[in-house]
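Q: I have a new structure to look at. Where do I begin, and how do I read its features?

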Amino acid sequence: MPPHFLDGEPHRHTERPKRVRTPGEPLRIGVGGPVGSGKTALVAALCRQLRDELSLAVLTNDIYTTEDADFLRRHAVLPDTRIAAVQTGGCPHTAIRDDITANLDAIDDLIAGNDRLDLILVESGGDNLTATFSSGLVDVQIFVVDVAGGDKVPRKGGPGVTYSDLLVINKTDLAPLVGADLDVMRRDAAAVRDGRPFVLISLTDDPTATDVLSWVREQLRVAVP
Ligand SMILES: Nc1nc2c(ncn2[C@@H]2O[C@H](COP(=O)(O)OP(=O)(O)OP(=O)(O)O)[C@@H](O)[C@H]2O)c(=O)[nH]1
Ligand SMILES: [Mg+2]
């Protein structure tokens, strides 16, 4: 029997207009993905690697707490004034895709409260495979999934897995423990992404997130107006 679709047909994703970044504005990179996939760990790694060469800030989204911002502050990855939090109160995707007002306000506050920023990392609250950032909120987006979710995740597709600017498949160190086949994940990711970049990483084995860092540096290089 063929599948049934909630709105009568398979979901299609189309290119949406991007916000216009004015000269001097910081690049905004979204970091989204399911609960616990390693978004905050990745943001922390990027901050540690970039904080001496760039002026950067972080904005986190959590549903009921400021847990991720507190974690970043506790680990002193950046000075407190460079870390802000949005409490979404509802499904995280609402605040990064549907009504982005609270995030835009928090970004305005970060820009007003810090000397010229080069980069703002915006972490989404953990959500599901349908959650992506509005192109009015970020310039490019990273989608983080993890090996512990099972090696079928890349072939399940969805806008984050398929169309994010970079797909990160994290926690490769856990593959033997959860019976995940990394070659299957590599093959399926290549198939659904059709040439768009993806990386397999372990933040435990490589806390500097070398491959993601190179991609971020490239975004900064090509995107500075
Ligand atoms: N084994 C292993 N654990 C990891 C790795 N990366 C992150 N973790 C752990 O996974 C757990 C979740 O990581 P977080 O960075 O909090 O994940 P998150 O996506 O920000 O989670 P939410 O914001 O709650 O959605 C933490 O205990 C991390 O230490 C990895 O590469 N390998
Ligand atoms: Mg987090």
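Q: Among contacts in the protein between residues at least 6 apart in sequence, what percentage join residues at least 24 apart?
A: Contact here means heavy atoms within 4.5 Å. This is a predicted model. In it, 79% of the contacts between residues at least 6 apart join residues at least 24 apart in sequence.

Q: Which residues does Ile142 touch, beyond those up to four places away in sequence?
A: Ile142 belongs to strand β5, residues 140-146. Its contacts include Ile29, Gly30, Val31 and Gly32. Leu42, Leu166 and Val168 are also among them. Take Leu166: 24 residues separate it from Ile142 in sequence, yet their C-alpha atoms are 4.8 Å apart.

Q: Is Ile142 buried or exposed?
A: Buried means under 20% relative accessible area. Ile142 has 1% relative accessibility, so it counts as buried.

Q: How many of the 225 residues are buried, as a percentage?
A: Buried residues make up 49% of the protein. Leu27 is another case: it has 2% relative accessibility and therefore counts as buried. Leu27 is in strand β1, residues 27-32. Leu27 and Ile111 are 84 residues apart in sequence, with 12 Å between their C-alpha atoms.

Q: Where is Thr208, and what does it touch?
A: Thr208 sits in the loop between β7 (198-200) and α9 (210-223). Not counting residues up to four places away in sequence, Thr208 touches Gln49 and Leu213. Ala44 is 164 residues from Thr208 in sequence, and their C-alpha atoms are 9.4 Å apart. Partly exposed means between the buried limit of 20% and the exposed limit of 50%. Thr208 has a relative accessible area of 30%, so it is partly exposed.

Q: Which phi value does Ala76 have?
A: Ala76 is not a glycine, yet its phi is positive, about 50 degrees. Ala76 lies in the loop between α2 (67-74) and β3 (83-87). Its relative accessible area is 49%, so Ala76 is partly exposed.

Q: What is the phi of Lys171, and where does Lys171 lie?
A: Lys171 has a positive phi of about 70 degrees, and it is not a glycine. Its loop runs between β6 (166-170) and α7 (175-178). Lys171 has 23% relative accessibility, so it counts as partly exposed.

Q: How many helices and strands does the protein have?
A: The protein has nine helices and seven strands.

Q: Which feature does UniProt place at residues 29-199?
A: The UniProt record, an unreviewed entry, gives "domain: CobW/HypB/UreG nucleotide-binding" there. Such annotations may be inferred rather than shown by experiment. Over residues 29-199 the chain is 38% helix and 20% strand. The end C-alpha atoms of that stretch are 17 Å apart.

Q: What radius of gyration does the protein have, against that of a compact globule?
A: Compare the value with the globule rule. With 225 residues, a compact globule would have a radius of gyration near 17 Å. The protein has 17 Å, so the two agree. Along the principal axes, its C-alpha atoms fill a box of roughly 55 × 40 × 35 Å.

Q: What about the surface and the charges?
A: The protein exposes about 11000 Å², and carbon and sulfur atoms supply 53% of that. It has 24 positive and 33 negative side chains. The centres of the two sets lie 3 Å apart.

Technical notes:
Residues numbered from 1 in each chain as written. Chains lettered and ligands numbered in written order. Predicted model: local features only at pLDDT ≥ 70, side-chain atom pairs only at ≥ 80, totals over all residues. Heavy atoms only, no water. Helix = DSSP H or I, 4+ residues; strand = E, 2+ residues; numbered from the N terminus. Rg over C-alpha atoms; globule rule 2.2 N^0.38 Å. Buried < 20%, exposed > 50% of the residue type's maximum accessible area, 1.4 Å probe, protein only. Areas by Shrake-Rupley, 256 points an atom, 1.4 Å probe, with all protein chains shown as cover. Lys, Arg positive; Asp, Glu negative; His and termini not counted. Charge placed at Lys NZ, Arg CZ, Asp CG, Glu CD.
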